[in-house]
Amino acid sequence: MFKQLLPGKLGLNGLIKHFKVSHFAFLHSSANVEVEVHSQEQEVVIALGSNVGDRLHNFDEALRLMKISGIDVVRHGCLYETAPAYVTDQPHFLNSAIRAFTKLGPHELLGALKKIERDMGRTDGIRYGPRPIDLDILFYGKLRFNSDILTIPHERIWERPFVIAPVLDLLGSAVENDTVACWHSFATHANDLFETWKKLGGNSLIGKEGMKRVLPINKVLWDWSQKTSVMGILNLTPDSFSDGGKFQSIGEAVSQVRLMISEGADMIDIGAQSTRPTATLISPEEEMSRLIPVLEAILEMPEVEGKLISVDTFYSEVASEAVGKGAHIINDVSSGQIDSNMFKVVADLKVPYIAMHMRGDPSTMQSSENLQYDNVCNQVASELYLRLRDAEVSGIPAWRIIIDPGIGFSKNTEQNLDILVELSNIRTEIAKKSLALSHAPILIGPSRKKFLGEICSRSAAVDRDPATVASVTAGVLAGANIVRVHNVKDNLDAVKLCDAILRRKKSIVKD
């Protein structure tokens, strides 16, 4: 069908109208006599909710049990903490949704989900009351389905912002196939799901007490929209471009971390492998010999309480060992390209994953071939999306992903400037294929990079701090959520001012 439709002529609205007037199978069955349609794999959307016990663990366990039950998850919505609806005297919920493929028929799928709920401790109780896990079928292929025990699309989806928001996250702003067009066509009292969301209140709902978009990290649900976070850099390498060799002893490293925390760092990023241009790779074993003793010492510091520790590595062995010792975040400059096991390992570790854009590896990234772009922001977005899509299929949910466009990696001076001022274009381009990933926090790392020296005629990296402050300012005003810097004190002041400007701008728009 899609080959016969000309998107230029029909567009989103035309395509959805086509499905609204087309005939789709409407199945009716009783609980005793089932009409099942599972001769082929179907794409489904399932909502997740939890407000009893360890809510995040409940989600992780439900996803694990879905996989065992023949439900192959390929996309995840963002994670939302929401106020309870209908029965309001109960704890806040975590809500999200997933897209998956399954050969189970509608009733078989319902049975599998109900079994997961029972196995996880859900019992019959107050309707809309507390529950460890709630799994609802929202869409099943292109079908409308009605029986004594199951209605698809879910009958209350259209009145629930906490359901529509993660459902939209599973889609792109562009309609990717006829199944998605069909889901849009099911919208009642609206032309499509986007209009449904807008009528419920839309993006104005996000960030308020009743509905926050969050990222789970170190047993905390982090709402990154509240302020820009500052990540201090600790290089344990002898050959990093800025401070190589300065912090190789445990004492020197601990002193530097203490300084950065005293200056206001929210996070510390520890790297034991140089990723400067033309750097030669060291083995995972050598990297761990540099990293682990320092990491252990840092985690014992009283000052680290409440701070987040990130480990900058592209080796899955190092990532696993570091998280086992207590690190909270994995920062991978290769987005899984150097170590093919990285996605699977991070998925099992269940920690946030910073995926950075880079072509090649540090030794080849600045080659003339890797610097060729027609539109750097669009291509960074599309290339990053392909890596993130593979990460999701490997089991890293969108709600654990942080995006880094890779300033200084496979980019020349002009391309770095384009990224700094056009971060919103990167989000927009990713949003065409995945709204969830377009909402992910963005990290930028321009600190003391070569392009700043070229512009400001500063050959020594340590002399580029004023230019770093300017670049961080531009990036935060353009939409960055985390800044990775060597000089915490000065950049924290810049970030505070940027946040104040953005808050004031938002209040003026409201007025």
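Mentor: Start with Arg131, which counts as buried because its relative accessibility is 9% and buried means under 20% relative accessible area, exposed over 50%, partly exposed in between (1.4 Å probe, protein chains only). Accessible areas come from the Shrake-Rupley method with that 1.4 Å probe, and for residues only the protein chains shown count as cover. This is a predicted model, where local features need pLDDT of at least 70, side-chain atom pairs count only at pLDDT 80 or more, and totals for chains, interfaces and linings use all residues. Residues are numbered from 1 along each chain as its sequence is written, and side-chain values use heavy atoms, with hydrogens and water left out.

Trainee: Where is Arg131 found?

Mentor: In the loop between helix 3 and strand 6. Helices (H or I, at least four residues) and strands (E, at least two) are DSSP runs, numbered from the N terminus.

Trainee: What makes the contact of Arg131 with Asp134 a salt bridge?

Mentor: The rule asks for a side-chain nitrogen of Lys or Arg within 4 Å of a carboxyl oxygen of Asp or Glu. The closest N and O atoms of Arg131 and Asp134 are 2.9 Å apart, so the pair meets the rule. Both Arg131 and Asp134 are buried. They also belong to a network of salt bridges with Lys114, Glu117 and Arg122.

Trainee: How many salt bridges does a search of the whole structure find?

Mentor: It finds 26. One of them joins Glu43 and Arg99, with the closest N and O atoms 2.7 Å apart. Glu43 lies in strand 2 and Arg99 in strand 5, so this pair ties together parts that are 56 residues apart in sequence. Glu43 and Arg99 are both buried.

Trainee: Which helix holds both Lys115 and Asp119?

Mentor: Helix 3 holds both, 4 residues apart, about one turn of the helix.

Trainee: Why is Lys115 called partly exposed, and why is Asp119 called exposed?

Mentor: Lys115 has 45% relative accessibility, so it counts as partly exposed. Asp119 has a relative accessible area of 51%, so it is exposed.

Trainee: What makes a space a pocket or a cavity?

Mentor: On a 1 Å grid over the protein atoms alone, a cavity is a set of points where a 1.4 Å probe fits but cannot get out. A pocket is an open set with protein on both sides within 12 Å along at least five of seven lines, and lining residues have an atom within 4 Å of a point. Grid points are joined across faces, edges and corners, and a volume is the space filled by probe spheres set on the points.

Trainee: What volume does the second largest pocket have, and which residues lie nearest its centre?

Mentor: The volume is about 1100 Å³. Of its 41 lining residues, Lys114, Arg122, Arg131, Asp134 and Asp136 lie nearest the centre. Strand 2, strand 5, helix 3, strand 6 and helix 4 each give two or more residues to this lining.

Trainee: And the largest pocket?

Mentor: About 1300 Å³ of space lies there. It has 31 lining residues, and Arg213, Trp224, Ser225, Asn481 and Lys506 are the closest to its centre. Helix 17 supplies the largest share of the lining, 7 residues.

Trainee: How many cavities of 30 Å³ or more are there?

Mentor: The count comes to 1. About 50 Å³ of space lies in the largest cavity. Residues lining it include Cys78, Arg213 and Trp224.

Trainee: What makes Leu477, Leu497 and Ile501 a nonpolar surface patch?

Mentor: Patches are made of residues with over 30% relative accessible area and no salt bridge; like charges are joined within 9 Å, nonpolar side chains (Val, Leu, Ile, Met, Phe, Trp, Tyr) within 5 Å. Leu477, Leu497 and Ile501 make a patch of about 270 Å². Take Ile501, in helix 17 (residues 488-510). Its relative accessible area is 41%, so it is partly exposed.

Trainee: Which residues does a cis peptide bond join?

Mentor: Ile152 and Pro153, with omega about 0°. Pro153 lies in the loop between strand 8 and helix 4.
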